[in-house]
Amino acid sequence: MHKTTLTLLIAFFCLSNSQLFAQHDFAKIEKNINVLASGLYHDLNATKDTLVLKSDSKISYIYDIHNKMKHDINNRVYATNYKVGLRDLAKGKHMFVVVQDSLKIVFVVRIFGDTPTIVASNN
């Protein structure tokens, strides 16, 4: 009985502290859910450090707006597939604008950075 109680106590302790050393994502995307924007695939890759854009029609231009209307990305594309590296961008909220034909598709990418944060626990 003593071994079972000790085993359950250790298992509970390990599981409750697993959140303590969790690393947050590098970035998070807030997609545009408008019907007109459905032709543009916009998402982050598996490591969440690259923005992946795909479309049937050509993407002609992409730029972002950050901190006091500063542009970190300002590129002419003229392609149907495009990837944007997010590692060189400043931390914070970036509003991306993708121009296709007469459409401007806007979505938000929040950059958190590489620094792992430790979540406080009340245990």
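**Close-up views of a predicted model**

**View 1. Lys70 and its salt-bridge partner Asp72.** At 46% relative accessibility, Lys70 falls in the partly exposed class, and the model in which this value was computed is a predicted one. Lys70 forms a salt bridge with Asp72, and the closest N and O atoms of the pair are 3.5 Å apart. Side chains of opposite charge can pair when their charged atoms come close.

**View 2. His66 and its surroundings.** His66 is placed in the loop between β3 and β4, where its relative accessible area of 8% makes this residue buried. When residues up to four places away in sequence are left aside, His66 touches Asp72, Ala90, Lys91, Gly92, Lys93 and His94. Asp72, one of these neighbours of His66, is also the salt-bridge partner of Lys70.

**View 3. The salt bridge between Asp25 and Lys48.** In this view the closest N and O atoms of Asp25 and Lys48 are 3.5 Å apart, and the two residues form a salt bridge. The pair links distant parts of the chain, for Asp25 belongs to the loop between α1 (2–16) and β1 (27–30), while Lys48 belongs to the loop between β2 (40–44) and β3 (50–65), 23 residues apart. Both partners are partly exposed, Asp25 at 41% relative accessibility and Lys48 with a relative accessible area of 29%. Lys48 also takes a positive phi near 60 degrees in the hairpin of β2 and β3, a hairpin with five residues between its strands.

**View 4. The salt bridge between Arg87 and Asp49.** Arg87 and Asp49 form a salt bridge in which the closest N and O atoms are 3.3 Å apart. Arg87 lies in the loop between β4 (74–85) and β5 (92–100), whereas Asp49 lies in the loop between β2 and β3, so the pair ties together parts that are 38 residues apart in sequence. The two partners fall into separate accessibility classes, Arg87 being partly exposed with a relative accessible area of 42% and Asp49 being buried at 15% relative accessibility. Across the whole model, the count comes to five salt bridges.

**View 5. Strand β3 and the strands paired with it.** Strand β3 is paired in the antiparallel sense with β2 over five bridges, with β4 through nine bridges, and with β5 through five bridges. Val52 of β3 stands opposite Asp43, and in β4 its bridge partner is Lys83. Elsewhere in the sheet, Tyr61 has Val99 in β5 as its bridge partner.

**View 6. Lys54 within strand β3.** Lys54 is found in strand β3 and is partly exposed, with a relative accessible area of 42%. Not counting residues up to four places away in sequence, Lys54 touches Gly39, Leu40, Tyr41, Thr80 and Asn81. The C-alpha atoms of Lys54 and Ala79 are separated by 8.8 Å, although these two residues are 25 residues apart along the chain.

Conventions: Residues are numbered from 1 along each chain as its sequence is written. This is a predicted model: local features need pLDDT of at least 70, side-chain atom pairs count only at pLDDT 80 or more; totals for chains, interfaces and linings use all residues. Side-chain values use heavy atoms; hydrogens and water are left out. A salt bridge is a side-chain nitrogen of Lys or Arg within 4 Å of a carboxyl oxygen of Asp or Glu. Helices (H or I, at least four residues) and strands (E, at least two) are DSSP runs, numbered from the N terminus. Buried means under 20% relative accessible area, exposed over 50%, partly exposed in between (1.4 Å probe, protein chains only). Contact means heavy atoms within 4.5 Å. Two strands pair if DSSP finds at least two bridges between them.
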